[in-house]
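Please look at the sequence and the model before reading on.

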Amino acid sequence: MTNDEKTCAIALTLCEGIGHINAKRLIDEMGSATAVFENRLHLRELIPDVSQRLVDMLDNPEAFKRAEKELNFAEKNNITCLTIKDEHYPSRLRECEDAPIALFYKGNTNMNCLHIIAMVGTRMATQYGKQFCADFVRDLAFLCPDVVIVSGLAYGIDIHSHRAALDNHLPTIGVLAHGLDRIYPSQHRQTATEMLSNGGLLTEFLTGTEPDAYNFISRNRIVAGMTDATIVVESAIKGGSLVTASLANTYNRDCFAVPGKINDEKSIGCNHLIRDSKASLITNAEDLVNAMGWQTTPAKPEAIQRNLFVDLTDDEAMVVNLLQQRGDLHVNTLTVEANMPIHQLTSLLFGLEMKGVVKALVGGVYHLLA
């Protein structure tokens, strides 16, 4: 991905009034952010229902200056800028209508791994919620050792989820409501630093962005959108974690809630999610693994040889043919070529691994076994 495309993607986010949905639609229609700006004067011919007002918004030289400044900061601080067309961009998030067209990431974890969950909840966590995080993540690390845990680095359930992941050697990603020039709250700086070695920090916001309340709502859609499932551990009757749960439902992702006492203020939100069928009840890691249909055997066979006569479904045969024709392919390329949702494709690829047909390489690349 060229710096020109990254600059254009960031600049597009800075064109006031366009918004996430319109920005993503423009890129989908034109193929790239660069093409959007290159064809600005002809957009109404190329996309008939685009308004003149939107075209005028794209005429913003200051947006490019700011975008270039942000890229310079990223390069100096070992931060990766991911555009929505980048193969390392979170594929699950890309499926969402309001996905950000540019993300900033610092860390070392594949955000397109086979299993990835969000754990969220109240900032005023009780001992019940903290203990659940510790026990749940410990057991999940045994049952599903390749899982990545995502949260928001906030007080309460968020930070306890991150710390439980680190304690059990699981990668964990913090999604921030501000730029990567700061850590908020500052008390979590040490944990954030540790996460860079096993997980990372992710944001859509530029440097200098204040952690204002509305940014946290925007942040929550990334948490819900980049994961297979959202788990609400504790929540009062109102709170950001309920917003994340609602977004997970909107994105057709699985949502789970930990039940609590009916008169416990910090469990009312979870109990209502379960009552209203907006989340499934969960009490332990095994509940999650069973509900998601995930493989629970920690160890894979040491050597897998392909059976040339193995029975393949039509979808499996299509993926095999792509790998035969194109060679090793990244999961993001496969999902585009196969025209298949990422969650469906990753499940299919896992099945092919177990059949000895494909092998997962480092970085989300798949290889067809001879």
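Is Cys113 buried or exposed? Cys113 counts as buried because its relative accessibility is 13%, where buried means under 20% relative accessible area and exposed over 50%, with partly exposed in between (1.4 Å probe, protein chains only). The model is predicted, so local features need pLDDT of at least 70 and side-chain atom pairs count only at pLDDT 80 or more, while totals for chains, interfaces and linings use all residues. Residues are numbered from 1 along each chain as its sequence is written, and side-chain values use heavy atoms, with hydrogens and water left out.

**Cysteines**

A disulfide is a covalent bond between the sulfur atoms of two cysteines. Here it is counted when a pair of cysteine sulfur atoms lies within 2.5 Å, and that rule gives zero disulfides. The table lists two cysteines whose closest cysteine sulfur is too far away for a bond.

| Cysteine | Relative accessibility | Closest cysteine sulfur | Distance |
|---|---|---|---|
| Cys81 | 3% | Cys8 | 11 Å |
| Cys113 | 13% | Cys144 | 8.9 Å |

**Ser151**

Ser151 belongs to strand β4, residues 148-151; strands (E, at least two residues) are DSSP runs, numbered from the N terminus. Ser151 is buried, because its relative accessibility is 0%. Its side chain reaches the backbone oxygen of Met119 at 2.6 Å. The side chains of Ser151 and Asp158 form a polar contact of 3.2 Å (a pair of N or O atoms within 3.5 Å; within protein, one must be able to donate a hydrogen and the other to accept it, and residues adjacent in sequence count only if both atoms are side-chain atoms).

Technical notes: Helix = DSSP H or I, 4+ residues; strand = E, 2+ residues; numbered from the N terminus.
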